[in-house]
Amino acid sequence: MSEAKHLVAVIGAGPAGLYAARLLASSGAHVVLFNRDIKPGGLAEYGIFFDKYKMKSGLRKQFKKILDDDHIAYFGNVTIGRNADFTLDQIRAMGFDAILVTVGAQGTKWLGLPGEELTGVYHAKDLVYHYNKLPPFSEEQYAIGRRVAIIGAGNVMLDIASWCIRYLKVDEVVSVVRRDPAAVKFTKKEMSIVFENLDIAALDAEIERTRPIMEAVGNDPEAARDFILSAEARAYPKLSDTRFRFEFLSQPQRIIGDGNGRVSGLEVEDTTLVLRSGGRTSAVGTGHTRVIDVDTVVFAIGDKVDNDFGLPVEWNEYVKSKAPQFPIDDMSYEAFDPVTGQTIDGVFVAGWARSASDGLVGAARKDGENGAKALLAYLETKEAGGVSAESIGETIRANVASVVDKVALDRLEAVEEAHALADGLEEFKYSTNEDMLAVIAG
Ligand SMILES: Cc1cc2nc3c(=O)[nH]c(=O)nc-3n(C[C@H](O)[C@H](O)[C@H](O)COP(=O)(O)OP(=O)(O)OC[C@H]3O[C@@H](n4cnc5c(N)ncnc54)[C@H](O)[C@@H]3O)c2cc1C
Ligand SMILES: NC(=O)c1ccc[n+]([C@@H]2O[C@H](COP(=O)([O-])OP(=O)(O)OC[C@H]3O[C@@H](n4cnc5c(N)ncnc54)[C@H](OP(=O)(O)O)[C@@H]3O)[C@@H](O)[C@H]2O)c1
């Protein structure tokens, strides 16, 4: 890198963007960090389950330390995208030497089923944002009923199940899984949170029902059962009488309404398993359908990137160059335009923006850092353009009302901490942008 400092934009202050910013700054670049939310942290702040106070406060401390770096300027409450505060093209025209996109996977994946418009059908991400107090989701009403079907068998399914079982105390939660008991993706640790509500007799009945299909593809029903039951050793105390059960080999087909626009059932098709290359299985419908008696359906099937951000999208992710000039660990971080067949010069993607719904905070951190390394390799080929972070700051403030900087963040944090202390709470969070901005304004 030449003597003059390069100026880099990082868009998105979740774990990927924050750890990337730290690496870029410690490598000699000036960083301008844009974030849609007032607060930094992304899903570490607004995804991780709200009662994991210790984990969340540890991460907040790390993020604050990163933002203390004078070479990182923070602009919260600024959204980049079509019909947003700035388009990506406007950011590119500001004169940054390179841009790292770490906006996560903000789009919503639906299955396109009849009945998805009914009251009582939700996407897990919206609910997660709601209970973690992210505006505007924090202000929405979600009509969770008494019998909740959650589609999917990942850790997000268990987060929604925990909320329904331990906080909302609904009557029944059913995890609807398209494959077999061997295909669950949650961890034992997460299962232990709701284990005491698991209907073990119902699990055993499901194991027996799915046994022939599992054995036909070489899956071990006992091993699958043992894995789920191994959560018992560290099971959390039971807080409700909610019945928690699984329906395996079930692919949702249609959400049934009650005539008043509210969910009254979920029609699923029985599936069987076929072996694919590498021993992976996939679910194939048998044609036989049945109805699960629920009044709420939540999709916990992963997320996709935001189509309106301004980068080309393929499947659930932004398109990357298949022949990267600056690969890290054989991975491409270079944004690519399939229409022109060219990389988008100087634009890199990392974290869940590069690989949607992929892994924990640690993985997002590593991916952000790898994206920063790819970007730094690109900067080696480029003289600094000479634009200063200060002049960019002036442009941002001239165009966006209520930009939140690091001083404002510190003020908000201090007031929220004082509030929690005064009320004897583990933590206190304002749940509207208006409230946060009012506190910041003093
Ligand atoms: C429900 C849930 C629970 C989880 N629980 C855990 C857990 O317990 N432990 C764990 O280790 N991991 C957990 N994870 C995974 C972890 O949260 C992710 O791995 C990680 O947060 C992804 O980081 P990221 O920076 O790529 O994206 P994100 O965390 O999504 O951050 C994206 C950032 O970009 C900003 N942004 C978005 N769009 C724009 C835009 N257009 N313009 C400007 N800024 C924008 C957002 O404001 C946000 O700050 C959980 C994930 C989910 C969904
Ligand atoms: N506490 C924690 O540590 C925590 C909490 C939440 C999230 N996370 C992390 O965040 C990431 C995302 O989690 P996630 O639960 O959203 O994703 P995930 O682990 O990939 O699980 C998604 C589930 O949805 C199913 N699914 C996907 N597409 C489907 C479709 N079209 N029809 C029916 N079912 C479908 C999947 O089934 P198939 O297997 O058949 O595809 C899978 O069971 C993971 O890395 C997770 O570990 C961690």
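1. Helices and strands here are DSSP runs, H or I of at least four residues for helices and E of at least two for strands, numbered from the N terminus. The model is a predicted one, in which local features need pLDDT of at least 70 and side-chain atom pairs count only at pLDDT 80 or more, while totals for chains, interfaces and linings use all residues. Residues are numbered from 1 along each chain as its sequence is written, and chains are lettered from A and ligands numbered from 1 in the order in which they are written.

2. Ligand 1 comes next. Around ligand 1 there are 35 residues, of which Gly12, Gly14, Gly42, Gly104 and Gly351 come nearest. The shell around ligand 1 divides into 18 nonpolar, 13 polar and four charged residues. Ligand 1 too lies between domain 1 and domain 2, because both give residues to the shell around it.

3. Now for the two domains themselves. The domain assignment gives domain 1 (7-106 + 304-404) and domain 2 (110-301), with bounds that come from an automatic or database assignment. Their C-alpha centres lie 33 Å apart. Five residues from domain 1 and seven residues from domain 2 make the contact, where two residues are in contact if their C-beta atoms, placed from the backbone, lie within 7 Å. On the side of domain 1 that touches domain 2, three residues are nonpolar, one is polar and one is charged.

4. Five strands form an open sheet in the order S6-S13-S7-S8-S9, with parallel pairing; two strands pair if DSSP finds at least two bridges between them. Strand S6 (121-123) and strand S9 (243-247) stand at the edges with a single partner strand each, so one side of each is left without a neighbour in the sheet. Neighbouring strands are turned by 20° against each other on average, direction ignored. Axes are lines fitted to C-alpha atoms, for helices over the stretch in contact, and angles run from 0 to 180 degrees between N-to-C directions.

5. What pairs with S6, and what lies across this sheet? S6 and strand S13 (residues 296-299) pair in the parallel sense over three bridges, and valine 121 has valine 297 in S13 as its bridge partner. Helix H5 (residues 124-131) lies across S6 and S13, at about 75° to S6. H6 lies across strand S7 (147-151), strand S8 (172-176), S9 and S13, and runs at about 170° to S8.

6. There is also a sheet with mixed pairing. It is open, with six strands in the order S3-S2-S1-S4-S18-S17. Strand S3 (72-76) and strand S17 (334-337) are the edge strands, each pairing on one side only. Here, neighbouring strands are turned by 30° against each other on average, direction ignored. H1 packs on the sheet and touches strand S1 (7-11), S2, S3 and strand S4 (98-101), its direction making about 165° with that of S2. S17 and strand S18 (residues 342-349) pair in the antiparallel sense over three bridges, with phenylalanine 336 opposite threonine 343 in S18.

7. The peptide bond from proline 135 to proline 136 is cis, with omega near -5°, and proline 136 sits in the loop between H5 and S7. Lysine 169 has a positive phi of about 55° although it is not a glycine; lysine 169 is placed in the loop between H6 and S8.

Methods
A residue is near a molecule or strand if its C-beta atom, placed from the backbone, lies within 6 Å of it. Ala, Val, Leu, Ile, Met, Phe, Trp, Tyr, Cys and Pro count as nonpolar, Asp, Glu, Lys and Arg as charged, and the others, Gly among them, as polar.
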